[in-house]
Amino acid sequence: MKSHRRSLNLFKKSSRLIPGGVNSPVRAFKAVGGRPLFIEKAKGAKIYDVDGNSYIDYVLSWGPLILGHAHPRVVNALKNAAERGTSYGAPTGLEVKLAEMVTSLYPSMDMVRLVNSGTEATMSAIRAARGFTGRDKIIKFEGCYHGHADGLLVKAGSGAATFGVPDSPGVPKSYAKNTITLPFNDIDSVSSVVKKEHRNIACIILEPVVGNSGCVLPKVKFLKGLRKITKQYGVVLIFDEVMTGFRVSLGGAQEYYGIKPDMTCLGKVIGGGLPVGAYGGRKDIMSVIAPEGPVYQAGTLSGNPLAMTAGIETLKVLSGKGVFKKIEKKAALLEEGLKDAAKRAGARTRFYRAGTMFCTYFQDGSVHDFETAARSDKEKFARFFREMLEGGVNLAPSQFEAGFMSLAHTDKDIERTINAAYRAFRKC
Ligand code: KE4
């Protein structure tokens, strides 16, 4: 058994100072039992806790570290950048460079605004859509997470197709009533609501692949239907690619599925592990954003030189010839191995993958929305998670989170992961 004494002591101390002992809820291991690991350092595909235990890491800070931890190109660039100062509160060439790289990889984005988190990106994109259309309501989908802005912490109300109800205390009912939550992959429910309410609907926002329900793949007819109905009624189509961007494909889910949204939100990978978010899209929509237009959005550290440097270096390496393909092949190798290990162990699981992100559901039914994802055996997943941790593999501590592959994972790491999974499947 691995020792976690130092993590435990730190958790006791942090729990007195920080709500739940963590700075983001999912890190607290509530869904999988036990206490969170406190991390000392990370390098490549490995992460090391304060008790000296090492783990092959498939969380990668929830997606950003697609090159692996502490990539030398990123670390050296950051060291040099820090010596030139850490923030100026004034525009820099670095922001222009990252904006150029993002808009060239995401041609649907004529313009982009850099912010500090995915939450800021989605919150601001929705405000832009509302400012552009003059309409107040938004449509989101069950199981999709777009950050913690009030209007997005909303679940389907009793009249699902009419108004939402707060999904968290502290969210005023008045905010929730402007959010309509519908089932993912159900284009008929979207069509009937938009036909009836289109004069009040500013935008539809979705994760094109739902990483916040594990890894729920879209039906192509759903994405195509969304694009058709939003075009028909002047509703802004927002792809929240904070997670899927540079993960499903270098050009995101929009490149992979061939759907051109009106706006896109990005984050994670474009910060290379430092705090960054971005939103952008059609020029006519982005032109409403201050100071060009009247829709206000701002940020002290937006476009921060260190975050820009880490993002630029990450995208430079990631855009290298054959690099993304290499990472995708590693993810495919893991998929093949995990499916085989589950079969040999007699485990009833379903594995889904989109490019370099993936999820093992503990059920043998097909998963196409949150309702079907929720049928998974969460207790079994929790036991599997703990066994994998004991076996030296760090997975996301929730059945409803995606796993991520990096450039740094070796065939040996993947083989070790598959062997640990076989042992863990057997024990679950
Ligand atoms: P942040 O504000 O956490 O940077 O981004 C919010 C966000 C927006 N959109 C999507 C599709 C996202 O996945 C996220 C954040 N993802 C979670 C993981 N599921 C971050 C982990 C956490 O909350 O600690």
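This is a predicted model: local features need pLDDT of at least 70, side-chain atom pairs count only at pLDDT 80 or more; totals for chains, interfaces and linings use all residues.

Visitor: Why is W62 called buried?

Guide: W62 has a relative accessible area of 17%, and buried means under 20%, so the label applies to W62. You'll find W62 in the loop between β3 (54–57) and α2 (72–83).

Visitor: Which residues does W62 touch, leaving out those up to four places away in sequence?

Guide: Those would be V26, K268, A396, P397, E401 and F404. Contact here requires heavy atoms within 4.5 Å. D262 sits 200 residues along the chain from W62, and the two C-alpha atoms are 26 Å apart.

Visitor: What makes Q363 buried?

Guide: For Q363 the relative accessible area is 9%; the cut-off is under 20%, so Q363 counts as buried. Q363 belongs to the loop between β14 (357–361) and α12 (370–373). Setting aside residues up to four places away in sequence, Q363 touches R348, T349, R350, T372, A373, R375 and S376.

Visitor: How do you know that the side chain of Q363 has a polar contact with G365?

Guide: A polar atom of that Q363 side chain lies 3.4 Å from the backbone nitrogen of G365.

Visitor: On to the ligand. Which residues come nearest?

Guide: Of the 16 residues around the ligand, the nearest are S24, T119, N212, D240 and E401.

Visitor: Why are β4 and β8 called edge strands?

Guide: They belong to an open sheet of 7 strands, ordered β4-β12-β11-β10-β9-β5-β8, with mixed pairing. β4 (111–115) and β8 (179–182) each have a single partner strand, so one side of each has no neighbour in the sheet. On average, neighbouring strands here are turned by 20° against each other, direction ignored.

Visitor: How do you know that β4 pairs with β12?

Guide: Pairing takes at least two bridges, and β4 and β12 (residues 277–281) share 5, so they pair. The two run antiparallel, and M111 has G281 as its bridge partner in β12. Helix α6 (residues 187–197) packs on this sheet, touching β5 (137–141), β8 and β9 (201–206), and its direction makes about 165° with that of β9.

Visitor: What makes β3 and β15 a pair?

Guide: They have 2 bridges, and at least two are needed, so β3 and β15 meet the criterion. The sense is parallel, and I56 stands opposite V393 in β15. Both strands are in an open, mixed sheet of 4 strands, in the order β1-β2-β3-β15. Its edge strands are β1 and β15 (393–394), each pairing on one side only.

Visitor: And how many bridges join β1 and β2?

Guide: β1 (residues 39–43) and β2 (residues 46–49) pair in the antiparallel sense over 4 bridges. I39 has D49 as its bridge partner. Their hairpin has 2 residues between the strands, and G44 takes a positive phi near 65° there.

Conventions
Residues are numbered from 1 along each chain as its sequence is written. Side-chain values use heavy atoms; hydrogens and water are left out. Buried means under 20% relative accessible area, exposed over 50%, partly exposed in between (1.4 Å probe, protein chains only). A polar contact is a pair of N or O atoms within 3.5 Å; within protein, one must be able to donate a hydrogen and the other to accept it, and residues adjacent in sequence count only if both atoms are side-chain atoms. Axes are lines fitted to C-alpha atoms, for helices over the stretch in contact, and angles run from 0 to 180 degrees between N-to-C directions. A residue is near a molecule or strand if one of its heavy atoms lies within 4 Å of it.
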